[in-house]
Amino acid sequence: MDIPVYSIPSLLDLCVDVLIERLNHRIYASGSDSFQFGSDDGLSLSIPPEVGDTIIKRLNKRNLLSEAWLSLFRPGSLNQLRRLYARRSNITNRSLTYLVNQELQEIDLSENDGITDYALYLLETRSKKSLRHLNLSHCISIRQFRCISGFEALRSLDASYTLIQFNLSDIGKRLHHLKVINLSGISLKDLKGLEVLAATLECLILFDSLAVNFILRSVLKLKNLRKLDISCSPINGFEHMRQYEYVEDELFQELTKLEALDLSGMQLCRKNFEVLMNAKPKLKFLGLMFVDYHNYPGLPQLAQHVTGEQNEHQIVLALKLYKNRGQYIDIALRRLFEIARYSTLLNNDEALEAVCHCMLAYPDDYSIQSAGSASIYHFTKESASKTQSVTLRRLAVSALLVAIEYHHLQPGRIQLQKNTCVSLCNFKIPSEVIFVYKRLAKVLISYMTNNVDDFVQRISLQLCNSLVCQVSGESKEFFGSLNFVELLLKIVLARLEDGIIAGLDEEDRGRSIHAMHVAWSAMWNVTDETPKNCERFLKNKGLDVFLQCFQCFSSDEVLIVNMLGLLGNVAEVKSLRKYLMREDCMKMFRSLLRFRENNLEIGYNSAGILAHLASDGEAAWTVRETPREETLNEIIRVSEIWDITADRSINYRSLTPIIYLLCNDTMQVQYFATWALANLTGVYSAKYCPMLWKDLIYLQNLRDQSNIPFRMRELLDTTIEKCILWKNSRDLKAIHDVNRLSSGCED
C-alpha cells in the first residue's frame, strides 16, 4: 500500500505556478477559448513533457484546468504532454480533442460526468500502445468496455463506481498486462474472468463490491497478488462477511506474496482474528477502520502500517489513504479532533496537511468541513506554527476559505462558521492570507451581512479590520466596493438606535461597545488615503452617525480617537472638506482641542482636521460661529501644551498629508505640521526619517524664512537634525558592512 508523503512544492512546481499566472492572464485578457501563441505576438512555446505534465497537474489542483489550457497541446504545437490529470475538472469531449496527437502514458478523468466513450476512442489514436494508467472512477457517462480495451499496454485501471458493462473475462483477455484493477462499488457476478491475469495482477481493490458467488474463491487463484482490498462501508460489514465467509489460513497459504490487506468495515469473527495473528510473514499494511479488535490488542502490530481509530498514526494514515471514502474521512476527522483537543500530537504538521487535503476533496460535505475546521484551529495555534512552512499555512487558509465559500449562505451552519472564523484568527493578517485577499474579504463581509450569530459577526468584523489595516489604497477600495463602509455604519447604528445598548446586561453591553470600537477603527483604516471610501462615508450620512455616537459616548476616549481618525482622512480630501463645514461639527472639533490635556491623540486629531479645513483659505471657511482666526490661534496654544516626546498610537503610511500642510500659506497650519514632524521624527526616527528625507528641502526652505515664529524655527531645526543624524548613521552602517564583507574575502 503506497503511503502518501506530503512535502513542500518543488522548484519546478513553483516555476510552473508563475508561468500559470502569466498565461492565465492572457486567456482572460483576450477572452479567447484557446491560446493563440505564435508569430503574431512574438511568443513561441516548446514545452517538454515533464513541464507539460506539471502544468496540467498544478492547474487541476487549483481548479483552473479548462479547454483553453488543453489547447496548448493541440495538433501542430511543439508542446508535449504525457500525463493528463483532470480529476473533477468538468472538462468535456471537445476539450480532449486537442490531445489526439499526444502519446499519453497516464489519464485521470475521474469524477467527470461530461466525458463519454467517444473521448476515449479519440485518445486511443496515439495512446493505444503508450497508455499505462487509466482512472475513470465515477465517470458515469462511460458505458462501453470497448472504449477501454483498445489500450493494450494498460497496467492500471480504475473503473470504480462506473456503469461500464463489464465482462471480466474480456478484461483478462484484452488487457493482459494489467497489474492493478479497482472495481469498487460495482455489483459483480463473480471474479472468474480475472483468473486469466493470475500471473500479472498484483493489486485488486473491491471496496463495497458485492457479488453472489463467493468472490474470495476466485481471489485465491490470483497467486501474484501483493495488495488486496476487500473492505466496505460499515453499513455493509455483515453482508460482506456473509459473502466472503471467512479470512482463513488459506488466504495466506495461497497468496504467499500478499503484503497489504484491507479489511476495514468488516465484521470479523474470532477465527478471523486468530488467522491474522498467525499470519507469516508480517504484512506491510493492514486496514482496520471500523473493525472492533479490542479483545486482540496485538493485532495492530501485525503490520508496519495500520489504519484504524485507536491512535494518531492510524487516523492520519486513514485520512491519507481513504480520501475517496467520505464516511471513512468523516469518522477519522472527528476522532482526530478528539485527540488534538486534549493532547499534543506527535506530528502536528503531517496531521494538518492530511486534514486540509480531505477538506478540499469534500468541499460540500458539512460534516467533514465542520470536523476538519475544528481540527485546523488546534493545529495552527501559535505554539504549533513555528514548524509550519509557508506552503502548509497557505494550504490551511485555502481549506478554511473553501469551507466558508461553500457554506456561508447555508442556514444552520453556525458551528462551521464559528470554526472557520476562530481558526483564521490563528494566522498573521494580512501576510498569511494576502494570496486570497479578495476572496476572503468577500466571504467575511458576507458573514457580517447575513449572519444572525453575534459571535461570528464580531469575529468577522475583527478579521476585516485586521485585513484592511495593513493594505494599500487599491485593496481598500476593493473593500469599499463590497459596501464595507455602509455595513460598518449599520453596525454602529444597530448599537445606538432604539436604546438597544441601554437594555443589555453588563457583559453584552461590553461586547456591543467593543464591536462599535472595531467598526469605527475599520472605517478609519478603510478610508486612509482612499478618497472613494471617504466619499462613501459621507454619502451614507456618516457625519450624522458620528455626532449621534459622540453624544452617547462622549467620555469614551478610545472611541473618539477612532472616529476623529476617520474624519481626519475625510479632511485630507480637498473635494470633501466642504461637507465638514457644519456648525455642529466645527464646534465639536474645536471643543476637542482641549478635551483632556493627558490625551494627545484627541487634541492632535482635532487640530489636524481643523488645519486641513483652514488650508483652503478664508473663502472656504463658511461657518460663522467658529471663527477661522480664533480657531487657528487655539491650535497653536494647545500644541504648546502637548508633550513633543510623547509616544503615539497613530500610524502614518505616508507623510504626504503633513507635507501638504507644511507647504500651505497659513502660518498656523504650517506650525501644526512642523510640530507633527518634530514629534514623529523624534520618537520614531527609524520609521519617519526615511519617509521625510526626500522632502527635507521643504523644511529647509521654510526654516530660512525670516517671518516664522521662533518656536516654529526650533521645531524645524529639531526635525532637520534628526533626519541628518539618521542619514549619517545609515551611511556609517553601510560603510561598516562593506568593510566587514571585504575583510572576509580572499584575494
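Glu312 belongs to helix α12, which spans residues 312–321; helices (H or I, at least four residues) and strands (E, at least two) are DSSP runs numbered from the N terminus. The model is predicted, so local features need pLDDT of at least 70, side-chain atom pairs count only at pLDDT 80 or more, and totals for chains, interfaces and linings use all residues. Residues are numbered from 1 along each chain as its sequence is written, and side-chain values use heavy atoms, with hydrogens and water left out.

Glu312 has a relative accessible area of 12% and is therefore buried. Buried means under 20% relative accessible area, exposed over 50%, and partly exposed in between (1.4 Å probe, protein chains only). Leaving aside residues up to four places away in sequence, Glu312 touches Ile339, Leu345, Leu346 and Asn347, where contact means heavy atoms within 4.5 Å. Glu312 and Leu345 are 33 residues apart along the chain, and their C-alpha atoms are separated by 7.1 Å. The side chain of Glu312 also reaches the backbone nitrogen of Asn347 at 2.9 Å.

## The parallel sheet

Ten strands form an open sheet in the order β1-β2-β3-β4-β5-β6-β7-β8-β9-β10, with parallel pairing. Its edge strands, β1 (83–85) and β10 (303–307), each pair on one side only. From one strand to the next, the twist averages 5°; angles run from 0 to 180 degrees between N-to-C directions, and axes are lines fitted to C-alpha atoms, for helices over the stretch in contact.

Two strands pair if DSSP finds at least two bridges between them. Strand β1 is joined to β2 (residues 106–108) by three bridges, and the two run parallel. The bridge partner of Leu84 in β2 is Ile107.

## Helix α20

Helix α20 (residues 454–469) contains 16 residues and reaches 22 Å from its first C-alpha to its last, close to the 22 Å expected at 1.5 Å a residue. The expected span is 1.5 Å times one less than the number of residues. At the N-terminal end, Asp453 caps α20, with a side-chain oxygen 3.1 Å from the backbone nitrogen of Phe455.

The buried residues of α20 include Val456, Ile459, Leu463 and Cys464. Among the elements that cover the buried residues of α20 are α18 (414–424) and α23 (506–526).

## Backbone features in loops

His138 has a phi near 65°, a positive value in a residue other than glycine. This residue, His138, is in the loop between β3 (133–135) and α6 (146–149), and counts as partly exposed because its relative accessibility is 31%.

The peptide bond from Ile429 to Pro430 is cis, with omega near 5°. Pro430 lies in the loop between α18 and α19.

Methods. A polar contact is a pair of N or O atoms within 3.5 Å; within protein, one must be able to donate a hydrogen and the other to accept it, and residues adjacent in sequence count only if both atoms are side-chain atoms.
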